[in-house]
Each structure stands twice: as structure tokens, then as C-alpha cells.
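Subject: Structure handover

Hello,

Here is the structure you will be taking over. My notes on what was found in it come after it.

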Amino acid sequence: MDFLDVLHNRRSIRAFSDKPVAQEIIDGLLLEALESPSSSNTQPYKLAVATGDTCKKLGQQLLSKYQKSSKIQRQPLPLKVVSAITSGALPDGDYKPILGKYPPEFQKRRLATGIGLYDVLGIERGDKKARDDQMAKNFTFFGAPVAIFFFIHPGMTFTAMVDAGIFMQSLMLAATNKGLGTCPQGALGIWRSPIDKHFNIPKGYKLLCGLALGYPADAKVNSYRPDKLALNDLLIPVK
Ligand SMILES: Cc1cc2nc3c(=O)[nH]c(=O)nc-3n(C[C@H](O)[C@H](O)[C@H](O)COP(=O)(O)O)c2cc1C
């Protein structure tokens, strides 16, 4: 594919076909992503790649965490606290999710993105059940046959996050180039214990986020193309 076509065609995919991705293809994409730059070439990341049965089991275990936690959210306050402690569904990821609202400028964009997605799906704003069901799909990787979890070494502080982000983008572009789809998923950083059940994560490495990988399904949700910033909103004017 032409580079600009790859750049413009990459979009977050939220419905995958169940066609498996051959191991040689996964390896090929990872090798391409390894061309990425990193701070002093430290490459301070490790990946846990779940396929086949591991991917299915992991998806069910993460979904169960989400379902428990979502049920707790709907309980009255005193019960909520007790259930949260006893349910085993408290987030145990390494980086805590942003609780509550984002800073106003970003909260506005976050809301617009969510509303745009639900509009494409025909989900009414007040339909909490449908929104919850859509959110739940994150945890089975939107049906993708491959889920990749990114771990970084915290000793490299912020550069590790930048490096992992660049690696992820390379991987997403490489996948797009081969006709595959991806969705980077912060949601996959909320619970770590299910991943530890399936992989021996090297000591000290922290779970950053995950990524779904597979062949896009012919589904409406995959047509969603949220707006990007206007250049004026991106650039800081000179004094
Ligand atoms: C770090 C990061 C975390 C994300 N987490 C999620 C997620 O948990 N679930 C999801 O559906 N999309 C997630 N996304 C996808 C964004 O919503 C998406 O990139 C954004 O809306 C722009 O759309 P595009 O990727 O199609 O250009 C994430 C993207 C990034 C970069």
C-alpha cells in the first residue's frame, strides 16, 4: 500500500471477523514494528501476545472482571464499597485509570468521540444497557483473535511510554498495510491479574495497555471516523 493510504486507512477497528491470523503474519508485523525508534535504542518494552485458546480464555476472564465491576457501579453506596472489596473486581492494573472527568477541553473531545461512536451504532444516549454492552466488548477484544499486551520498564520513566506508543503506531500501520485491523485499548490496562495467569511477565515490568489485532469484520462500527484537530487547534502561535 502507498504510505499515505496506510496512514489514512488506519482507524480503530471495533468488530473483527473470527478468521485467525497466521503466526507468520503476526511475527512479520512485529518485526516491522521493531524498526521503530526508541530513546537511546533502549526498546524498554515487552509484549504478551495472546492467540487461540489463550486469547479466548483471557477475554472471558477480563470480561468477567468488567461485568462484576459494572454490576457494583449500579449498587447503592455502602454496598458498593463492600462489594468492591470482596468481589475481586477492583482494578489491579499498574497505571490507575483516570477516574471521573478529564480536563474540560479533553472531556469535550472524549464525549464527542463517544457520542459519535454510539450514533454510528444507533445507540440512544440514555440507553445505559446498550452502552454498557458496547463497553464490555473491549474486554473480549471486539472479537479479535489476537490480543497484544504492552509492558514497559518503569525505570525508563516517561521515555518508555513514548517508545511503546511509537512501537504501537508502527504495528498498527504495518497491520493496516497487510489488510488487518487494530484497536489500541487503554481498557486492557485496567486489570492485570488475568494476564499474569497466562504469561510470566518479567519482574518489574508494568502493564501499559493492550491492542486488538485481526481481520476487520464488515460492520457499521468500523466505518466510524472521528474528527481530528484543525491545525489551528494543534499549533501554539509564536508570541
Ligand atoms: C492510548 C489509547 C487508548 C485507547 N483506548 C481505547 C479503548 O480502551 N477502547 C476503544 O474502543 N478505543 C480506544 N482507543 C482508540 C481511540 O478511541 C481512537 O484512537 C480515537 O477515537 C481516534 O480514532 P481512530 O483511531 O479511528 O483514528 C485508544 C487509543 C489510544 C491511542
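Lys 96 sits in the loop between α4 and α5; helices (H or I, at least four residues) and strands (E, at least two) are DSSP runs, numbered from the N terminus. This is a predicted model, in which local features need pLDDT of at least 70 and side-chain atom pairs count only at pLDDT 80 or more, while totals for chains, interfaces and linings use all residues. Residues are numbered from 1 along each chain as its sequence is written, and side-chain values use heavy atoms, with hydrogens and water left out.

Lys 96 is exposed, at a relative accessible area of 59%. In these notes, buried means under 20% relative accessible area, exposed over 50%, and partly exposed in between (1.4 Å probe, protein chains only). The Lys 96 side chain comes to 2.9 Å from the backbone oxygen of Gly 93. That is a polar contact, meaning a pair of N or O atoms within 3.5 Å; within protein, one must be able to donate a hydrogen and the other to accept it, and residues adjacent in sequence count only if both atoms are side-chain atoms. Between the C-alpha atoms of Lys 96 and Phe 106, which are 10 residues apart along the chain, the separation is 18 Å.

Leu 90 belongs to the loop between α4 (77-86) and α5 (104-121) and is partly exposed, with 46% relative accessibility.

Salt bridges

There are six salt bridges in the structure, each defined as a side-chain nitrogen of Lys or Arg within 4 Å of a carboxyl oxygen of Asp or Glu. One of them joins Arg 74 and Asp 132, at 3.8 Å from N to O. This pair links distant parts of the chain, with Arg 74 in the loop between α3 (52-73) and α4, and Asp 132 in helix α6 (residues 128-136), 58 residues apart. Arg 74 is exposed at 60%, whereas Asp 132 is partly exposed at 24%.

Asp 94 forms a salt bridge with Arg 192, with 2.8 Å between the closest N and O atoms. Asp 94 is in the loop between α4 and α5 and Arg 192 in the loop between β3 and α8 (193-198), so the pair ties together parts that are 98 residues apart in sequence. Asp 94 is partly exposed, with a relative accessible area of 26%, and Arg 192 is buried, at 12%. Arg 192 also meets Asp 196 in a salt bridge of 2.8 Å, N to O.

Strand β2

Strand β2 (residues 146-152) is mostly covered, with seven of its seven residues buried. Val 146, Ile 148, Phe 150 and Ile 152 point one way from β2, and Ala 147, Phe 149 and Phe 151 point the other way. In a regular strand the side chains alternate between the two faces of the sheet.

β2 runs antiparallel to strand β1 (residues 45-51), and seven bridges join the two; strands pair if DSSP finds at least two bridges between them. Opposite Phe 149 in β2 stands Ala 48. β2 also pairs with strand β4 (residues 206-214) in the antiparallel sense, over seven bridges, and there Phe 151 has Leu 207 in β4 as its bridge partner.

Regards
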